[in-house]
Amino acid sequence: MIVSDNGTEFTSNAILSFADRQRLDWHYIAPGKPIQNAFIESFNGRLRDELLNETLFPSLSQVRATVASWRADYNLNRPHSRLGWLTPTEYADTFNPRRDLALRSMQGSAPAPVAQPGQIGQNSRPSLRHAG
C-alpha cells in the first residue's frame with residue numbers, strides 16, 4: 001500500500017494508471033491532515049528545507065548525484081532522535097551478534113525429540129496401529 005497526500009504530483013493520470021498497472025493499493029490521507037502520514041511529511045520537509053530549496057540544479061544528472069549524496073548522509077551519518085541519537089549505522093551495529101562467544105550447544109537449540117526416528121525401510125506395526 002502506498003499512502004500519500006492529495007498533491008498534484010500524486011493525483012495525475014500517469015501515477016494513477018501506474019498504480020493500476022502495478023496493482024498497488026493507493027490510499028490518500030484526508031485533505032489538510034499531514035499528521036496522517038507524519039513520517040514522510042517530516043522527511044519531505046527536511047529534504048525540501050536542507051536540499052531542494054537551497055540548491056539550483058543545472059542538470060538531471062546533478063540532481064541524481066546531489067540527492068544520492070544527501071540520502072547517504074541522512075541514512076548513514078546523521079543521528080536520529082528515534083534511535084537514541086545514534087546514526088543508523090551505529091544503531092545497526094548494536095544488533096550484530098558477537099562472533100567470539102562459544103556456541104551454547106553443539107547439538108543445536110531445538111529441544112530433544114519426543115520419539116526416536118524410525119529405521120529407513122522398516123515399519124513398526126504397533127506404532128502405525130496406535131497412530132490411527
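Is Phe95 buried or exposed? Phe95 is exposed, because its relative accessible area is 56%, and the cut-off for exposed is over 50%. Keep in mind that this is a predicted model.

Let's start with helix α3. It runs over residues 60-77, 18 residues in total. At 1.5 Å a residue, α3 should span 26 Å. Its end C-alpha atoms are 25 Å apart, which agrees.

Which residues of α3 are buried? Thr66, Trp70 and Tyr74. They cover an arc of only 70° around the axis, so they sit on the same side of α3. The general rule: an α-helix has 3.6 residues a turn, so residues three or four places apart point the same way. On the other side of α3, Leu60, Ser61 and Arg64 are exposed. The buried residues pack against α2 (38-52) and α4 (88-93).

Now Thr66. A polar atom of its side chain lies 2.8 Å from the backbone oxygen of Gln62. Leaving out residues up to four places away in sequence, Thr66 touches Leu51 and Phe57.

On to the aromatics. There are 4 aromatic pairs in the structure. One of them is Phe43 with Tyr74, edge-to-face, 5.3 Å centre to centre, with 75° between the planes. This pair links distant parts of the chain: Phe43 is in α2, Tyr74 is in α3, and they are 31 residues apart. Tyr74 is buried, at 13% relative accessible area. Phe43 counts as partly exposed, at 25%.

Tyr91 counts as partly exposed, at 33% relative accessibility.

How values were computed. Residues numbered from 1 in each chain as written. Predicted model: local features only at pLDDT ≥ 70, side-chain atom pairs only at ≥ 80, totals over all residues. Heavy atoms only, no water. Helix = DSSP H or I, 4+ residues; strand = E, 2+ residues; numbered from the N terminus. Expected span 1.5 Å × (residues − 1). Buried < 20%, exposed > 50% of the residue type's maximum accessible area, 1.4 Å probe, protein only. Arc of directions from axis to C-beta. Contact = heavy atoms within 4.5 Å. Polar contact = N/O pair within 3.5 Å; in protein donor to acceptor, adjacent residues only side chain to side chain. Phe/Tyr/Trp six-rings, centres within 6.5 Å; stacked < 30°, edge-to-face > 60°.
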